[in-house]
Every structure is written in structure tokens, then in C-alpha cells.
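The sequence and coordinates come next.

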Amino acid sequence: MRHAPPVLVLLLATLLLTWPLAMHLDDALPAYPRLADDDLLCNVWSFWWTRVSALEGRGSLLYSHDLFHPEGVTLTLTAHSPAASLPMLPVLAARPGLPGIFLAWNLNVLLTFFLSGVGAYLLAERVTRQPWAALVAGLVFAFSPYRYDH
């Protein structure tokens, strides 16, 4: 219970510093100024492929018949990231189509900021035993310019 206020601050900071993403979870993608549009679309495609392979039974998580048809291609040589998309499988199952894929991607983006901040906060609090100093460490780690670029 003692961690509740700092975690709440990290949640509010996530929503404020990524605004207006929370208002457009299922109809827009975040803009990455240094990331080529092709990279972003490839990552979103990875979420779509996880949904297709896991829920519809077409292909497997690591092999696609749809790419380089008719031979197919192994996805281990691409930017495919099942580790990022598998936790979002309930969202992908509950909301079919493109809005569900956008929703899963955007929730994943928000969770990366929030959970990295909480993790840094918990580590710093354990080391320093100073909850407000640890909160500053969590905020700095979660919202550094390096994280926004990646």
C-alpha cells in the first residue's frame, strides 16, 4: 500500500506525457519522429500476424505463408516480436479488425512507459529506501528522451 501514491503518479505521468494517445487508442498510432513509417507499420503487422496465427490458426508465430508467396518466410529473420504481442492477445481477441490491432499496439506503448517507470521506482526505492527520490528515478528512467526515440 505504501507504493500506491508513487505508482499512481507514474500512471498519471504516463497519460499526460503521451497525450493525446489515450484519447485515440483504437484509431491512431503514435508518431515517432525518428522512426521510419515502414518500421512502425512492420511492428503493427507483427501484432496482426500474432492475432492471425494464434487465434485463427493460420501459419505459426515464427513462419508466414503470406510473405514471399508461395514459399513463405521464417519470421526469425524479421522484426517480428511475439514477446511484445503475446501479452496483448486478449485485447486482440476481444476487438477484431484494425481497431483491435491499434488498441493492442497503443496499450503496449503506454505499458512500456508505465512499467519501466514502476520497475525503476521499485529498484531505486529498494536501494535508497527513499520513496520520493525513487519516484524521481522512475520518472527520469521512464520518460527520458532515449525512451521516446525507441
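## Burial of Ser85

A residue is called buried when its relative accessible area is under 20%, and exposed when that area is over 50%. The model discussed here is predicted. Ser85 has a relative accessibility of 0%, so Ser85 counts as buried.

Ser85 belongs to helix H3, which covers residues 82-85. Beyond its neighbours within four places in sequence, Ser85 touches Ser46, Phe47, Thr50 and Leu92.

## Nonpolar cores

Which residues have the most contacts inside the largest nonpolar core? They are Val44, Phe47, Ala104 and Trp105, in a core of 20 residues. At least two residues of this core come from each of helix H2 (37-55), helix H4 (89-94) and helix H5 (97-128). The biggest contribution is that of H5, with eight residues.

A separate core of seven residues lies apart from this one, and its members include Leu10, Val118, Tyr121 and Ala134.

## Helix H1

Helix H1 runs over residues 4-17, which makes 14 residues.

The buried residues of H1 are Pro6, Leu10, Ala13 and Thr14. Viewed down the helix axis, these residues fall within an arc of 105°, so they line one face of H1. An α-helix has 3.6 residues a turn, so residues three or four places apart point the same way. The packing partners of the buried residues of H1 are H5 and helix H6 (131-142).

## Salt bridges

How many salt bridges does the model contain? The count comes to three. In one of them, Glu125 pairs with Arg2, and the closest N and O atoms are 2.8 Å apart. Glu125 sits in helix H5 and Arg2 in the segment before H1, so this pair ties together parts that are 123 residues apart in sequence. Glu125 is buried, because its relative accessibility is 5%, whereas Arg2 is exposed, with a relative accessible area of 55%.

Arg95 forms a salt bridge with Asp26, again with 2.8 Å between the closest N and O atoms. Since Arg95 is in the loop between H4 and H5 and Asp26 in the loop between H1 and H2, the pair ties together parts that are 69 residues apart in sequence. Arg95 is partly exposed at 32% relative accessible area, and Asp26 is partly exposed at 26%. Another salt bridge joins Arg51 to Glu56, where the closest N and O atoms are 2.8 Å apart. Arg51 is buried, with a relative accessible area of 13%, while Glu56 counts as partly exposed at 45%.

## Confidence

The chain has a mean pLDDT of 84, and 87% of its residues reach 70 or more. Among the elements of the chain, H6 has the highest mean pLDDT, at 95. The lowest mean, 69, is that of strand S2 (residues 73-74). Where pLDDT is low, the predicted coordinates should not be read in detail.

Key. Residues numbered from 1 in each chain as written. Predicted model: local features only at pLDDT ≥ 70, side-chain atom pairs only at ≥ 80, totals over all residues. Heavy atoms only, no water. Helix = DSSP H or I, 4+ residues; strand = E, 2+ residues; numbered from the N terminus. Buried < 20%, exposed > 50% of the residue type's maximum accessible area, 1.4 Å probe, protein only. Contact = heavy atoms within 4.5 Å. Core = buried A, V, L, I, M, F, W, Y, C linked by side-chain atoms within 4.5 Å. Expected span 1.5 Å × (residues − 1). Arc of directions from axis to C-beta. pLDDT = per-residue confidence, 0-100. Salt bridge = Lys/Arg side-chain N within 4 Å of Asp/Glu carboxyl O.
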